[in-house]
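This report looks at an annotated site and at the surroundings of a ligand. Please read it alongside the sequence and the coordinates.

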Amino acid sequence: MGVGTVASVAAKSALAFAGVSTLSFIPIMLATLAYFNYNLIDPENRPFNQQNLRETYDFVIVGGGSAGSVVANRLSEVQGWNVLLLEAGGHENEISDVPLLSLYLHKSKMDWKYRTEPQDTACQAMIDKRCAWTKGKVLGGSSVLNTMLYIRGNKRDFDQWESFGNPGWGYEDVLPYFKKSMDQRNPYLARDTRHHSTGGYLTVQDSPYNTPIGAAFLQAGEEMGYDIVDVNGAQQTGYAWYQLTVRRGTRCSTAKAFLRPVRLRQNLHIALFSHVTKVLIDKETKRAYGVEFFRDGKMQVVYAKKEVILSAGSIASPQLLLLSGIGPESHLREVGIDVIHDSPGVGKNLQDHIAVGGLAFKIDYPISLVMNRLVNINSALRYAVTEDGPLTSSIGLEVVAFINTKYANASDDWPDIEFMMTSCSTSSDGGTQVKKAHSLTDEFYNEVFAEINNKDVFGIFPMMLRPKSRGFIKLRSKNPFDYPLMYHNYLTHPDDVGVLREGVKAAVAVGETQAMKRLGARFHYKPVPNCKHLPLYTDEYWDCLIRQYTMTIYHVSCTAKMGPSTDPMAVVDPQLRVYGVEGLRVIDASIMPTITNGNINAPTIMIGEKGSDLIKETWLQKRSRRSKRCSRFERIGVQSKRKYPLCNTER
Ligand SMILES: Cc1cc2nc3c(=O)[nH]c(=O)nc-3n(C[C@H](O)[C@H](O)[C@H](O)COP(=O)(O)OP(=O)(O)OC[C@H]3O[C@@H](n4cnc5c(N)ncnc54)[C@H](O)[C@@H]3O)c2cc1C
């Protein structure tokens, strides 16, 4: 294919995104990428979309997201196992690769575009008072839309999981699985071989582009008495540069990391645009034997000899369990679904991280990420040719801080607030993409941000790490294409309000440090609609503000939690097998009993790694027991098909 044709095909696919055509540099960037034959020199091209499927596979995986891509890779390592990965979306592309443009993917074809039910405890500044729960509908799942921050969580998270009755999930057990995936590209961090490793599928590197604001954030942290740390190492509390799942300046999604390198494996089929509607379960034996899915305009069925694995994410995995008859009995009857197994915890225990949006600080120097200043043909060429420059910035997220409010015990090193520190804010794109992604109303945006549109600012998003509020999802109807009803229940627990309020105060204090004052930092004090009646900057005012611009960090999780059989709300056991049904596991962010202390992509990939090994343990042990038995019988000359039928089947 000639360069011109490649460029025009690429441009067409890019422009298919709503809104992206408004960025004039895109065609030039794509043409340059094509000129440098980016895709052709990329040793790992996109996987094939398998058209003709077998009738039966050993394993059928539903959803090729952060966890599902890992599971597909690891299971197909076993020669003789046939694996099918069914994914509702299509491929990622050149636009989703660009770190700075991730907000353009919200509300695009790659987003399921979920929205919560209106509730009066949070998201009051959003259209219809509904929070927008962006979620990836694409091979690679939410790892194609996320902001690529690589954070593992706190060792106590996993020790707590274990203490709930989940042997094998303590920190020392899961650490090898974090390392198994990792290719740490920072040589200084890679020297710490207890916590880091090189050579894994997932590239983790420092951001190729930071502004001077990043260095000032770190100085501010030191000034406030915090250490500069490796937040994925021995101590979480402190300040650090963010590390990103980025490779050569472009996004390293799990599709790129785990599926592209194995695209030529004959025993792995990947079927795109395949929307699974139900797990098929034998009512008598209570065993999962396949799935029903919609592809090419028709319903189809595929069978699983060994297991079906749900990796459809924390909304769709519980939704599929419910559609298949596994869930709270009364709810299933209410929507007219035959009950296979009464499992009251399905869709419950929903946890998410929320932050307060829009805490902006004006500065005096033209050093922040103002979109219309930095995003132009020069930066596009720099991105395409030298793989650095502003387009490689993850929307200005430069520094992370894990801090303790008065509600946390600082000596525990289990902080309760994460600062996401950015060299820009809601207004840095002039009220276009951030406003749209966050679903802010015109009234709210104009009143609070219009006067600082495209001005130099930095932002701090204080994110509450261990929420006590619990949301839930349930079916709207038994139609598998109807989105479930989603209730966030944010800030319904009073402790959550307290922690987030203290987080806001601590963020405002960062702006008062010498390090930030040197840049001329001034908090953008602007009373927000619905809170103006309250005295400014009192606890009551902050409590009101956090219910207005409540910002999900898109970490919805824990909706099919793992737990011991004694816990009636546990949906899967510590081997991730669904209670009450054979041959069915859930392996994704839904199985977390509690949300981890940080961004959750890395822990979800870890769950994919560990879940794959649990499957291998089950089936390879059976196989090795069987082959031992068979070889013994072969040795003594017993070859009766009737007596030892298993010795004659495919292994
Ligand atoms: C906008 C955004 C920003 C984020 N930023 C970060 C970040 O910077 N750092 C971080 O650590 N975490 C981040 N996260 C969170 C993190 O990316 C997700 O928690 C993680 O990707 C979830 O992985 P998963 O495997 O559980 O689900 P997903 O990755 O969402 O995968 C689920 C897959 O299943 C598919 N699927 C769903 N239903 C069906 C069906 N019926 N049939 C077939 N396929 C189906 C979906 O299309 C999808 O591909 C972010 C998330 C988002 C959305």
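## The annotated residues

The model is a predicted one. In its unreviewed entry, UniProt carries the annotation "binding site" for Val-138 and Val-276. Although these residues span 139 residues in sequence, no two of their C-alpha atoms are more than 13.8 Å apart, so they gather at one spot.

Where does Val-138 lie? Its place is the loop that runs between strand E4 (132-133) and helix H6 (155-163), whereas Val-276 belongs to strand E12, which covers residues 275-282. Val-138 counts as buried because it has 28 C-beta neighbours inside 10 Å, where 20 or more are required.

When neighbours within four places in sequence are left aside, Val-138 is in contact with Gly-89, Gly-90, Glu-92, Met-110 and Val-144. With the same exclusion, the contacts of Val-276 are Val-62, Leu-86, Val-291, Phe-293 and Leu-320.

## The shell around the ligand

Which residues come nearest to the ligand? Of the 41 residues around the ligand, they are Gly-63, Gly-65, Gly-141, Asn-599 and Asn-601. By class, the residues of this shell divide into 16 nonpolar, 21 polar and 4 charged. At least two residues of the shell are supplied by each of helix H4 (66-75), E12, helix H11 (313-323) and H20.

Helix H4 is mostly covered, with 10 of its 10 residues buried; among them are Ser-66, Ala-67, Asn-73 and Arg-74.

## Pro-603 in helix H20

Pro-603 has its place in helix H20, which comprises residues 601-635. Pro-603 and Ala-67 stand 536 residues apart in sequence, yet their C-alpha atoms are 9.3 Å apart in space, and Ala-67 is one of the buried residues of H4. Not counting residues up to four places away in sequence, Pro-603 touches Arg-152, Gly-153 and Thr-596.

| Residue | C-beta neighbours inside 10 Å | Class |
|---|---|---|
| Val-138 | 28 C-beta neighbours | buried |
| Pro-603 | 27 C-beta neighbours | buried |

Notes
Residues are numbered from 1 along each chain as its sequence is written. This is a predicted model: local features need pLDDT of at least 70, side-chain atom pairs count only at pLDDT 80 or more; totals for chains, interfaces and linings use all residues. UniProt positions are given in the numbering used here, feature names are shortened, and annotations may be inferred rather than shown by experiment. Helices (H or I, at least four residues) and strands (E, at least two) are DSSP runs, numbered from the N terminus. A residue is buried if 20 or more other C-beta atoms lie within 10 Å of its own, exposed if 12 or fewer, and partly exposed in between; C-beta atoms are placed from the backbone. Two residues are in contact if their C-beta atoms, placed from the backbone, lie within 7 Å. A residue is near a molecule or strand if its C-beta atom, placed from the backbone, lies within 6 Å of it. Ala, Val, Leu, Ile, Met, Phe, Trp, Tyr, Cys and Pro count as nonpolar, Asp, Glu, Lys and Arg as charged, and the others, Gly among them, as polar.
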